[in-house]
Amino acid sequence: MPPNICLILFLCISTSTTRATAIGLNWGTAASHPLPPPKVVELLKNNNIARVKLFDADPLVLQALSGSKIAVTVGIPNSMLRSLNSSKKAAESWVHDNVTRYFSSSGRGSGVRIEYVAVGDESFLQSYGDQFHPFVIGAATNIQTALMRANLAGEVKVVVPCSSDTIQSESNLPSKGHFRSDLNKTMTQLLTFLNKHNSPFFVSISPFLSLHQNKNISLDFSLFKETAHPHRDSHRTYKNSFDLIYDTVVTALSMAGYPETDIVVGQIGWPTDGAANATSSIAETFMKGLITHLQSKSGTPLKPRVPPTETYIFSLLDEDQRSIAAGNFERHWGLFTFDGQAKYHVDLGQVSRNLVNAQNVDYLSPKWCVVNNNQDLSNATTVALEACSAADCTALSPGSSCFNLSWPANISYAFNSYYQQHDQQAASCDFGGLGLITTVDPSTEKCRFSIQLRTSRSPSIYPPCLLHRMMLSAMATVLVCLQQFW
């Protein structure tokens with residue numbers, strides 16, 4: 001048979017079937033006052049979310065998921081990779097404590113329907129350097145061996161979540177996609193491992209970061225808008241940022257010799273605060289465009305009618321303890337606020353057409369800490385910086401929801417953030433006499449002065465002598481925000 005006929009037959013067969021894509025959510029717990037796990041599971045069930053990806057193996061979270069029938073990806077933090085790489089015994093112990101103890105193939109009864117173990121959390125991130133990635137393959141191999149010894153290898157797959165910067169394209173064209181040169185050997189080992197065990201390739205896709213990093217990408221192109229100017233790569237036309245990035249991944253896998261590897265989008269989302277173009281309305285437009293695109297099952301120019309096997313939205317809830325090294329927006333990825341309230345409405349294709357809020361949330365008392373205008377405020381900036389170094393003031397950054405607060409309202413925001421994170425203890429609203437506790441909500445139309453959740457996992461008050469040592473990068477960011485009012 002002539003080669004060109006073989007190619008035509010292959011293309012016809014490979015594009016004749018349409019594959020459905022499953023949608024799940026990332027559930028992170030980097031919060032000072034996390035919503036109790038049973039309440040989060042109730043939130044997931046009320047919104048008909050059938051899949052969830054975790055970043056660790058918190059026993060309280062896994063216990064809450066028991067019997068829920070929700071498909072779960074259990075995570076191994078980067079901090080554990082070195083020990084799991086060097087010790088098969090450590091891997092066996094981890095699997096026993098975090099998989100075997102909870103596992104149920106159906107999720108019925110008291111079991112958890114664990115489908116994946118995610119080794120590391122974007123451990124190939126370029127900013128990490130060699131801190132984690134030399135240990136990933138060994139850790140994954142030892143976890144796989146431990147699952148085999150526990151007779152779970154046929155039920156639970158080992159995967160390795162990869163960051164978006166694992167793959168590069170100097171020309172920003174999908175056809176030029178490739179893995180970072182410093183990762184070539186590691187990625188070959190990883191793809192060989194995944195292929196051997198029939199596991200998918202997990203990768204983060206971030207149209208938001210692409211928008212901020214690439215001047216040739218427009219907001220409309222990122223938001224799936226029909227009016228967006230298309231991008232062309234040879235004879236292929238790209239109408240949105242998602243397809244452009246996804247096909248760059250497809251090309252990189254093909255160049256590495258694994259064109260048929262299934263792709264799972266491990267993280268994709270749009271933040272609602274902490275940066276320019278990070279608003280609830282823009283996030284809603286993006287999310288609706290993404291869900292519509294995935295549900296159309298149209299695929300991409302390189303993978304027509306073959307969407308990703310699974311897509312995990314990032315993320316479920318806002319997390320006020322996430323690192324802000326990449327930007328203040330990192331604490332505002334949630335579909336829901338920290339207390340489980342929907343920021344906007346979107347149909348995730350799970351029957352319910354609007355997101356359902358968490359019910360009967362237990363808050364601290366309706367009290368806030370504000371600046372006392374009757375005091376000498378000449379030292380207020382320094383005090384506010386100290387407060388923000390041990391609290392979350394990312395909403396004050398340029399382009400954010402509270403950026404336009406006038407002085408001294410921005411000082412009050414800093415004071416209240418510290419006060420709430422320290423469980424509304426009277427001493428945490430002192431600030432050398434500059435603070436004042438009030439029962440009058442100081443929130444504005446655009447800026448919410450939050451009341452924290454009542455939880456047994458709340459932090460204790462930091463000694464004043466430690467404040468200046470904490471989160472120096474956060475202090476620098478807030479300094480920019482606060483000083484412009486002087």
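C369 and C429 are both buried, where buried stands for under 20% relative accessible area, with exposed over 50% and partly exposed in between (1.4 Å probe, protein chains only). This is a predicted model, so to speak of local features takes a pLDDT of at least 70, side-chain atom pairs count only at pLDDT 80 or more, and totals for chains, interfaces and linings use all residues. Residues are numbered from 1 along each chain as its sequence is written, and side-chain values use heavy atoms, with hydrogens and water left out.

Back to that cysteine pair: C369 and C429 are joined by a disulfide, S to S 2.0 Å, the term meaning a pair of cysteine sulfur atoms within 2.5 Å. The torsion about their S-S bond is about 85°, so this disulfide is right-handed. The link ties together distant parts of the chain, 60 residues apart: C369 sits in strand β13 (residues 368-371), while C429 lies in the loop between α13 (409-421) and β14 (435-438). Those labels come from DSSP runs numbered from the N terminus, helices being H or I with at least four residues and strands E with at least two.

There are 3 disulfides in the structure. Another one joins C388 to C393, S to S 2.0 Å. Both of these cysteines are buried, and with -85° about the S-S bond, their link is left-handed.

C402 and C447 make up a further disulfide, with sulfur atoms 1.9 Å apart. Here the S-S torsion is 95°, giving a right-handed link. Count the bonded cysteines along the chain and the pattern reads 1-5, 2-3, 4-6.

Now for a pair of helices. α5 (residues 88-100) and α6 (residues 136-149) pack at an angle of about 60°, their axes 8 Å apart, with axes being lines fitted to C-alpha atoms over the stretch in contact and angles running from 0 to 180 degrees between N-to-C directions. That makes α5 oblique to α6, the label left over once under 35 degrees is roughly parallel, over 145 roughly antiparallel and 65 to 115 roughly perpendicular. In contact terms (heavy atoms within 4.5 Å), K88, A91, E92, W94, V95 and V99 of α5 meet N142, I143, A146, L147 and R149 of α6.
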